[in-house]
Amino acid sequence: GIPDFYQGSELWDLSLVDPDNRRPVDAFHGAGAAAQPRWPRTMLASSTHDTKRSEDVRARINLLSEIPERWGQAVRRWAERNDGYRREGFPDRNAEYLLYQTLVGAWPIEIDRVLAYMEKASREAKTHTSWTDPNPIYDKALREFVEGVMNDSEFAESLESFVRPLIEPGRINSLAQTLIKLTAPGIPDFYQGSELWDLSLVDPDNRRPVDYQLRRRLLAESKCMSPEQLWARADEGLPKLWLIRQTLKLRHERRLFHPQDSYRGLMPSGAKRGHIIAFARNERAVTLVPRLPLKLAGNWDDTAIEIPSGRWRNLFTGENSDGGMASVAKLLKRFPVALLIREEEIR
């Protein structure tokens, strides 16, 4: 046979099962430290014109990795209920699974958008049909299956019940990835329309006209809002829009997060340390975001992070703190993510 060595096992390796043997936070910091000197102007894009699922759809779908048993039970239950909508064994199970996963990520969604998405996905998969060699039998079966599922009120109620507890954690995931994109080494890119929660799928979904007038109005309204007021209007997308505005304004006015700014991963301590990603840029700014929010359930226990020495202000809450060990629960009490700036940078 061919010998294989798992990464890190060249020395004595006393790792246990995941997350010990994957150390995703360590890998993240390793990538950030490597990107800063090598690719400081790389584009950081989370949605594009050709994204099959927008950044906010994926942010919610990512939660399924935290609840595999609950997710598996739901899929089996839905597959059993919807079996009567299948025709001649079609659609295949992969397409059916894709449908459920997409519905969870984009719910609530109109049936015509789902039909267009599933047609494109199945034809580009080229397993049973394609754009150049369409299979009318499969295409018809898939279309009728989607219509049957989407018009089934009992299925819709079950799906709604499953999705409801994922909405807020999905938004926290979205804010975390947005702040990382704005502050990590590289140049942040925002696809049109993604300034608010955007549950778009692939084209033509993601090519719909953007309501810029709405965004201008929300920007004006959010200018003097407190974090609590912003979160009270989370359904409108205000927390994401406000976070983007505040951080871009800081980048422009204080020349922070530039290509030459160093990157240093900060390692938290405490029971929930695996739920935090934190890093310092040039020792002038500290980004702090949660990860795996479902398992966290808002309980930080004794988790703390060591902030570089000095006096710091949280850009999103205006609260001040000194360098040294800082409680994560306190830093994230009023807003799900934090960006700490040295006070002299704000004056």
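Ring pairs join Trp71, Trp78, Tyr97, Tyr100, Phe155 and Phe162 into a cluster. The model is predicted: local features require pLDDT of at least 70 and side-chain atom pairs count only at pLDDT 80 or more, while totals for chains, interfaces and linings use all residues. Residues are numbered from 1 along each chain as its sequence is written, and side-chain values use heavy atoms, with hydrogens and water left out.

Rings of Phe, Tyr and Trp (its six-membered ring) pair if their centres lie within 6.5 Å; planes under 30 degrees apart are stacked, those over 60 edge-to-face and the rest tilted.

| Pair | Centre distance | Plane angle | Class |
|---|---|---|---|
| Trp71 and Trp78 | 6.1 Å | 75° | edge-to-face |
| Trp78 and Phe162 | 5.6 Å | 80° | edge-to-face |

Helices are DSSP runs (H or I, at least four residues), numbered from the N terminus. Trp71 is buried at 6% relative accessibility, Trp78 at 2% and Phe162 at 8%, where buried means under 20% relative accessible area (1.4 Å probe, protein chains only).

Elsewhere, Glu343 belongs to helix H14 (residues 343-346) and is buried, with a relative accessible area of 10%. Leaving aside neighbours within four places in sequence, Glu343 is in contact with Arg311, Trp312, Arg313 and Asn320 (heavy atoms within 4.5 Å).

How values were computed. Helix = DSSP H or I, 4+ residues; strand = E, 2+ residues; numbered from the N terminus. Buried < 20%, exposed > 50% of the residue type's maximum accessible area, 1.4 Å probe, protein only.
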